[in-house]
Amino acid sequence: MMGTLQRALLGAVLAVAVALPAAAQDQKTILTSVPSLGFPFFVHMMKELKGEAQRQGVAAVESDGQNSAPKQTADVEAALVQRVDGIVISPIDVNAMAPVLTEAVESGVPVVTIDRRVTGVDGILAHVGADNVLGGEAQAKWLMETYPNGATIVNLQGQPGASPAIDRNKGLHNVLDQHKDKYKFVAEQTANFARDQGLSVTESILAGLSAPPDVIVAANDDMALGALEAVRGRNLQDKIKVIGFDALPEALGSIRDGGLAGTIEQFPGGQSRKAVEVMVDYLNSEKKPDPAVILLQPIVITKANLDKAERIGEVK
């Protein structure tokens, strides 16, 4: 007769077995993890990750971090228990995810980060992403070309601790801080990459300013679309331009229809496919990428070059 402890152990083993996808005995399994499937950007990224894994002949275990570092950490820990062969992850926070990814590396599981980096972890196989500093600089250069005589600016920053938020803000300031006499930030505040906060934060900022700003720069399209709603609510759409970042289909449609002025394309599908390719190459041949940091160059998308957007075919 099976004892209580034996039943518990068997149940744990069966739970792990059920969690793993059905696969051939020699098929590799990787964890694909994104910060939150509540964001359209990461829904697209996960779709591309899983699609490329299928094309490469590996099984993918999907992880939704649900915008919580403890949740994403727990998913990685569970994957290590399940003995996945590799981890492709967009870490929710550059610092909070470092301990569990260190654990993965030290246990011999290769890790490829995508879109977002981690700091202080030795042995990460590769990072694939867009150069977010260059993306922020591209926003700034667009702003200077659009407002050659100077402008007042509201800066909606992303989630604190997220490397894209840090880098995009850095790029924006890299350029504009050299021309402080002409380009003035009248407000800078996080809206946590969220549309509802983009709306509420912008409403609060506009209510507190004596005059409307010339432009609102947002670190992603969700915040930009929320800001645009606030601008339209005050009937200021002819006075304030809004530029986002990510080139989501909804943002592209808004640009086409005269809403947003622009966005930054960072090719998340290209990032996703390359990250899985790098991982599979390593699993098959222990081939390490050279260089280990692979960055795609972002571009500004406006009404004039919508055809250059990766997801233009999804615009309704």
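Trainee: Which residues does Ser63 touch, not counting residues up to four places away in sequence?

Mentor: In this predicted model, Ser63 touches Leu31, Thr32, Ser33, Val34, Met46 and Asp75, with residues up to four places away in sequence left out.

Trainee: Where is Ser63 found?

Mentor: Ser63 belongs to strand S2, which covers residues 59-64.

Trainee: Is Ser63 buried or exposed?

Mentor: Ser63 has a relative accessible area of 3%. Buried means under 20%, so Ser63 counts as buried.

Trainee: Which side chain makes a polar contact with that of Ser63?

Mentor: The side chain of Ser33 does, and the polar contact is 3.1 Å. Ser33 is also one of the residues that Ser63 touches.

Trainee: Changing topic to the aromatic residues: how many aromatic pairs are there?

Mentor: The count comes to 2 aromatic pairs. Phe39 and Phe42 form an edge-to-face pair, at 6.4 Å centre to centre and with 90° between the planes. In the pair of Phe41 and Phe42, the ring centres are 5.1 Å apart and the planes stand at 85°, so this pair is edge-to-face.

Trainee: Why does an angle of 85° make the pair of Phe41 and Phe42 edge-to-face?

Mentor: Planes over 60 degrees apart count as edge-to-face, and the planes of Phe41 and Phe42 are at 85°, so the pair takes that label.

Trainee: Which residues do the ring pairs link into a cluster?

Mentor: The cluster consists of Phe39, Phe41 and Phe42. Phe39 and Phe42 are both buried, and Phe41 is buried as well.

Trainee: On to the cavities. How many are there of 30 Å³ or more?

Mentor: There are 2 cavities of 30 Å³ or more.

Trainee: Which residues lie nearest the centre of the largest cavity?

Mentor: Phe42, Arg116, Phe193, Asn220 and Asp246 lie nearest its centre, out of a lining of 15 residues. Helix H2 (40-56) and helix H6 (163-176) are the elements that give two or more residues to this lining. Phe42 is also a member of the ring cluster with Phe39 and Phe41.

Trainee: How does the lining of the largest cavity divide by class?

Mentor: That lining has 6 nonpolar, 4 polar and 5 charged residues.

Trainee: What lines the second largest cavity?

Mentor: Its lining consists of Gln139, Asn155, Leu156, Gln157, Gly158, Ala165, Arg168, Asn169, Leu172, Val217, Ala218 and Ala219. Strand S6 (151-157), H6 and strand S8 (215-218) are the elements that give two or more residues to this lining.

Trainee: Which element gives the largest share of that lining?

Mentor: H6 gives the largest share of the second largest cavity's lining, with 4 residues. By class, the lining of the second largest cavity has 6 nonpolar, 5 polar and 1 charged.

Trainee: And the largest pocket: how much space lies in it?

Mentor: The largest pocket holds about 190 Å³ of space. Its lining has 13 residues, and Gln237, Lys241, Gly258, Gly259 and Ala261 lie nearest the centre. The lining of the largest pocket divides into 6 nonpolar, 3 polar and 4 charged residues.

Trainee: Now the backbone. Which peptide bond is cis, with omega near 5°?

Mentor: The bond from Asp290 to Pro291 is cis, with omega near 5°. Pro291 sits in the loop between helix H10 (268-285) and strand S11 (293-296).

Trainee: What is phi of Asp115?

Mentor: Asp115 has phi near 70°, a positive value in a residue other than glycine. Asp115 lies in the loop between strand S4 (111-114) and strand S5 (126-130), and it is buried, with a relative accessible area of 3%.

Trainee: What about phi of Asn192?

Mentor: Asn192 is not a glycine, yet its phi is positive, at about 55°. Asn192 lies in the loop between strand S7 (183-190) and helix H7 (195-208) and is partly exposed, with a relative accessible area of 26%.

Trainee: Where is Ala191 placed?

Mentor: Ala191 is in the loop between S7 and H7. Ala191 counts as buried, at 0% relative accessibility.

Trainee: Which residues does Ala191 touch, not counting residues up to four places away in sequence?

Mentor: Ala191 touches Gln157, Gln197, Gly198, Val201 and Met223, with residues up to four places away in sequence not counted. Gln157 is also among the residues that line the second largest cavity. The C-alpha atoms of Ala191 and Asn220 are separated by 9.8 Å, and these residues are 29 residues apart along the chain.

Notes:
Residues are numbered from 1 along each chain as its sequence is written. This is a predicted model: local features need pLDDT of at least 70, side-chain atom pairs count only at pLDDT 80 or more; totals for chains, interfaces and linings use all residues. Side-chain values use heavy atoms; hydrogens and water are left out. On a 1 Å grid over the protein atoms alone, a cavity is a set of points where a 1.4 Å probe fits but cannot get out, and a pocket is an open set with protein on both sides within 12 Å along at least five of seven lines; lining residues have an atom within 4 Å of a point. Grid points are joined across faces, edges and corners, and a volume is the space filled by probe spheres set on the points. Ala, Val, Leu, Ile, Met, Phe, Trp, Tyr, Cys and Pro count as nonpolar, Asp, Glu, Lys and Arg as charged, and the others, Gly among them, as polar. Buried means under 20% relative accessible area, exposed over 50%, partly exposed in between (1.4 Å probe, protein chains only). A polar contact is a pair of N or O atoms within 3.5 Å; within protein, one must be able to donate a hydrogen and the other to accept it, and residues adjacent in sequence count only if both atoms are side-chain atoms. Contact means heavy atoms within 4.5 Å. Rings of Phe, Tyr and Trp (its six-membered ring) pair if their centres lie within 6.5 Å; planes under 30 degrees apart count as stacked, over 60 as edge-to-face and the rest as tilted.
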